[in-house]
Amino acid sequence: MLQSIPERIPLIAPFRFIPQTASFLGIFVSCLVLIGWTLNLTALRSVLPSQPQMVPNTALTFVLASVALWMTWRGKNSQRTSVLAVVCSLSVILIGSLIMGEYLTGTDLELEKLLFRDRLQADGTSFPGRPSPHTSLNFFFIGSAILLTSLKSVRAYRLAQVLAVLVALMALVALMGYVYQVAFLYSISSYTGMALHTALLFIILSAGVLFTHPERGLMAFVLSDTAGGMMVRHLLPATVAIPILSGGLIIFGARAGFYDLTIGMLLCVVASVVLLTALIWRNARTLHSADTKRKQAEIALQAAYDDLERRVDERTLELSRVNKDLRSEIIEHKESEIARVQLTRRLVTAQEEERRRISRELHDQTAQHLAALLLGLKTLNKSESNGRKSLQKSLFQLQELTELLVEETHHLAWELRPAALDDLGLEMAISNYVEKWSERSAITLDFHSSLDERRLAPPVETAVYRIVQEALTNVVKHAQANRVSVMLEYRFDELLVIVEDNGRGFHPEVTLTAKEGGGLGLLGIQERAALVGGRVQVESKPGSGVTVAIRIPAPASSHEKGVLHERAPHFLSR
C-alpha cells in the first residue's frame with residue numbers, strides 16, 4: 001500500500017521542480033551531444049578521451065525521455081500533455097526494445113545509421129552508432145517508469161519507482177567503473193559502452209521520476225518528518241557516497257605508488273568504519289534528541305489530556321446537575337399544566353353546574369311563581385269582566401307583561417342549561433336549540449345527525465353543545481348568512497361536528513379573539529374542544545362562507561342508546 005504525506009509538509013516544496021530540472025538537463029546535454037556530432041567535437045561526444053561516447057541515437061532517445069518526463073510532470077491537469085507524455089514514453093520503450101532485440105538475436109536493423117552515418121563508419125567499431133546493451137536496457141526501464149507514472153495508478157507508480165531505482169543502480173555501477181577505472185563495469189569495448197554523461201543523465205532522469213509525485217510511495221517515506229524518514233535522509237547519501245569516494249581515493253593512491261594494495265584495502269576498511277561510525281553516532285544523537293522531545297511532548301500531552309479529562313468530568317457533573325434541575329422543572333411544568341387543565345375542567349364543570357342550578361331555580365321557583373301570578377291575573381280578569389273597562393284594560397296589559405316575563409324566563413333558563421341535554425341527550429338538545437335559533441334569527445338551518453339518540457360522556461355532550469351554540473352565535477353576529485348547516489356524525493368512537501354557513505367569510509389565518517368574535521369566539525371553541533381532547537379545523541375565504549369542523553374522541557358512555565337520565569320533569573318543559 002502506497003504511503004502518502006500531506007502537501008503542506010515543507011520538505012516537499014523544494015523537490016517539486018526536480019522533474020522539470022531533470023528534463024531540462026536531459027534535453028540540454030543531449031542537444032550538446034548532437035551539436036558535438038554535427039561539428040565533430042569529441043569533447044561533447046565523450047567527456048573523457050578514449051572512452052565510450054554518447055551516440056546520436058542515445059542522445060535522441062534522451063530527448064524523448066526528457067520530453068516525456070516534462071509532459072508527465074506538467075500533464076497532471078491537462079489531457080493533451082498527458083497524451084504526448086505517453087507517446088514519447090512508448091517511443092523510448094520501443095527504441096530500447098529494438099536495440100536489445102538486435103543484441104539478443106544478432107540482427108542489424110541499421111537504426112544507428114539514420115543519423116551521422118559517415119562519421120559513425122569512420123570510428124571503425126563493430127556496432128557503429130549502436131548504444132550499449134545496459135544503455136538500451138536502461139532506456140526500456142526509464143521509458144516504462146515514465147509511462148507507469150503517467151497512468152496515475154497506485155500499483156503502477158510503485159512499479160515505476162522500482163524501475164527508476166534499478167536504472168539509477170545500473171548507472172551508478174557505470175560511474176563506479178569510471179571512478180575505479182574498471183572498464184568492464186561501463187563498456188563492452190573501447191568504443192561501445194555507457195558514456196560518463198549517459199550514466200549521469202540516467203541518474204538525473206531516475207531522480208526526476210522519483211520526485212514526480214514526492215507525496216507518494218518511496219519518496220513519501222524518505223521526505224516524511226518521522227524518525228525513519230530522517231534516518232534515511234541522513235544515512236543513505238553517506239552510505240552510498242562514502243564507500244565509493246574513499247575506495248576511489250585509496251585505489252588512486254595505490255596506483256600512484258604511495259602504498260601497496262594490501263595497505264590500501266586496510267585503509268579502505270578503516271576509513272569506511274570511521275566515517276560510518278561517525279555518521280551513525282551523529283544520526284543516533286539526532287534520534288536521541290528527537291526521542292527526548294517526543295517524550296517531553298508525550299508528557300505534556302498526557303498532562304493536557306488529564307486536565308481535559310478533569311474539565312470534562314467537572315463539566316459533565318455540572319451538566320448532569322443542570323439536566324436534573326431541568327428535568328425537575330419540566331416535571332413541575334407538566335404537573336402545573338395538568339393541574340391547570342384539571343382546574344379549567346373543574347371550572348367549566350362548576351360553571352355548568354351553576355348554570356344547571358340557576359336554570360332549575362328559574363324553572364322550579366321563579367317560573368312557578370310567575371305562572372301562579374299569571375293564573376291569578378286571569379282569574380281576576382274573569383271576575384272583573386263586568387267591571388270598569390279601564391280596570392279590565394290594565395289587567396289585560398298586566399297579563400300580557402306577565403306572559404312575556406314567563407317566556408323570557410323560560411328562554412333564559414333554556415339558554416343557561418337546556419333540560420333536554422340532561423334528559424334526552426346531545427342530539428335532541430341540539431335539535432331543539434337549532435330549531436328555536438332558526439325561529440329567533442330568521443335564518444334557514446339544516447340539521448343532520450347520525451347519533452341515533454346515542455349518549456356520550458357528559459363533558460363531551462356539554463362541550464359539543466356549547467361549541468355549536470357559540471358557532472351559531474358567531475353566525476348571527478358576523479357572518480351575514482341566510483343559510484346554515486349543522487351536522488353530527490359518530491363513527492369509530494369519534495364525534496365529527498360541522499357548522500357551515502354561506503356568509504361573507506374571512507381569512508382563516510387571522511385568529512379571532514374572544515373580544516373580536518363575540519363571547520369566546522373561535523378561541524373559545526378551540527379551548528372547549530381541547531378540554532375534551534378535540535381539534536378544530538377552520539376553512540374559509542372572503543365571500544365563500546365558513547366551515548368549522550371539530551373532531552372529538554367520544555367513546556360511548558354508560559348511558560347507551562335509548563337510556564335516559566332519571567330526572568323529574570320541569571314545570572314549564574315544552
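**Burial and surface patches**

Mentor: Serine 540 has a relative accessibility of 14%, and because buried means under 20%, this residue counts as buried. Please keep in mind as we go on that the model is predicted.

Trainee: Is cysteine 88 buried or exposed?

Mentor: The structure holds zero disulfides, and cysteine 31 counts as partly exposed at 34% relative accessibility. For cysteine 88 the relative accessible area is 8%, and since the cut-off for burial is under 20%, cysteine 88 is buried.

Trainee: Which helix gives the most to the nonpolar patch?

Mentor: A nonpolar surface patch of about 460 Å² is made by Leu159, Val162, Val165, Leu166, Leu169 and Leu218. Leucine 218 is partly exposed, with a relative accessible area of 38%, and has its place in helix α9, residues 217-222. The most, five residues, comes from the helix of residues 154-180, which is helix α7.

Trainee: In which helix does glutamate 335 lie?

Mentor: Glu335 gathers with Asp325, Glu329 and Glu332 in a surface patch of negative charge. Glutamate 335 counts as exposed because its relative accessibility is 51% and the cut-off is over 50%. The helix in which glutamate 335 lies covers residues 261-383 and is helix α11.

Definitions and conventions. Residues numbered from 1 in each chain as written. Predicted model: local features only at pLDDT ≥ 70, side-chain atom pairs only at ≥ 80, totals over all residues. Heavy atoms only, no water. Patch = residues over 30% accessible without salt bridge, like charges linked within 9 Å, V, L, I, M, F, W, Y side chains within 5 Å. Areas by Shrake-Rupley, 256 points an atom, 1.4 Å probe, with all protein chains shown as cover. Salt bridge = Lys/Arg side-chain N within 4 Å of Asp/Glu carboxyl O. Lys, Arg positive; Asp, Glu negative; His and termini not counted. Charge placed at Lys NZ, Arg CZ, Asp CG, Glu CD. Helix = DSSP H or I, 4+ residues; strand = E, 2+ residues; numbered from the N terminus. Buried < 20%, exposed > 50% of the residue type's maximum accessible area, 1.4 Å probe, protein only. Disulfide = S-S within 2.5 Å.
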